[in-house]
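Please take a careful look at the model shown here, and let the paragraphs that follow lead you from its strands to a few of its residues.

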Amino acid sequence: MAIIYPLSLPTATRIRSIEFRAINAVAYSQSPFTFSGQVHAYSGQTWQADISLPPMRREHAEVWIAWLIALRGQFGSFLLNDPLGCNPRGSAGGSPLVNGAAQTGNLVTIDGCSASQTGWLKAGDYVQFGTGSASSLHKVLEDVNTNGSGETTIEVWPGVRNAPSDNSAVVTSSAKGVFRLSSNEQAWSVNEASVYGITFAAMEAI
């Protein structure tokens, strides 16, 4: 059977630790004489991550190794999320949908939420726009309240690059994004106790 990207993470073991990095394209220059500075923010915003797996025996390690090799370096892609951020801290009720086409950037208007909710989403919650290879992972930057019609505008990071279609679903539980490996070379270790060690780095697939 042909491999279809993006792949899902193996379930043989949980991730031991993951370090997310939020990268912004910002130019800053400072005068060496007055120390006054000039700053310019570009549109570039992206995720990077370093993933460490727990020590494991060959039974589970080979599942992960085969998965890594199946990505063929930076060619393939996979879905990744924050393992502890699957459930929103806000109420997140209703069936939220994108309210209007052609929305890009850091502000997105949605509807279909539970009406008149304070803290419908909380700062730090995750949302996902798109599905499959079009999935994108975003962090909510401010608490979100809804109006009496179940509408609201959320500020997210990174900004939306590819406008989701009108009335497309907004995922608030187990939100994921598409990532690819940061290197074309993958490695793993095996020690004298027959225990495998696996780590890998990833970046958002843009």
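Two strands are said to pair if DSSP finds at least two bridges between them, and the elements themselves are DSSP runs numbered from the N terminus, with helices (H or I) needing at least four residues and strands (E) at least two. The model is a predicted one, in which local features need pLDDT of at least 70 and side-chain atom pairs count only at pLDDT 80 or more, while totals for chains, interfaces and linings use all residues. Residues are numbered from 1 along each chain as its sequence is written, and side-chain values use heavy atoms, with hydrogens and water left out.

With that in mind, E6 and E9 pair in the antiparallel sense over 2 bridges, and within this pairing glutamine 128 stands opposite valine 171 in E9. Both strands belong to an open sheet of 6 strands, whose order is E4-E5-E8-E7-E6-E9 and whose pairing is antiparallel. The edges of this sheet are E4 and E9 (170–171), each of which pairs on one side only.

Other strands can be followed from E1 onwards. Strand E1 (residues 17–30) runs antiparallel to strand E2 (residues 37–52), and 13 bridges join the two; tyrosine 28, for example, stands opposite valine 39 in E2. The hairpin of E1 and E2 has 6 residues between the strands, and there phenylalanine 35 takes a positive phi near 65°. E2 is also joined by 5 bridges to strand E12 (residues 196–204), again in an antiparallel arrangement, where isoleucine 51 has phenylalanine 200 in E12 as its bridge partner.

Turning to the loops, aspartate 82 is found between strand E3 (78–80) and strand E4 (94–98). What joins the side chains of aspartate 82 and tyrosine 126? Between them there is a polar contact of 2.9 Å, a term for a pair of N or O atoms within 3.5 Å, of which, within protein, one must be able to donate a hydrogen and the other to accept it, and for which residues adjacent in sequence count only if both atoms are side-chain atoms. A polar atom of the aspartate 82 side chain also lies 3.0 Å from the backbone nitrogen of leucine 84.

Alanine 134, in the loop between strand E6 (126–129) and strand E7 (136–140), is exposed (over 50%), with a relative accessible area of 53%.

Notes. Buried < 20%, exposed > 50% of the residue type's maximum accessible area, 1.4 Å probe, protein only.
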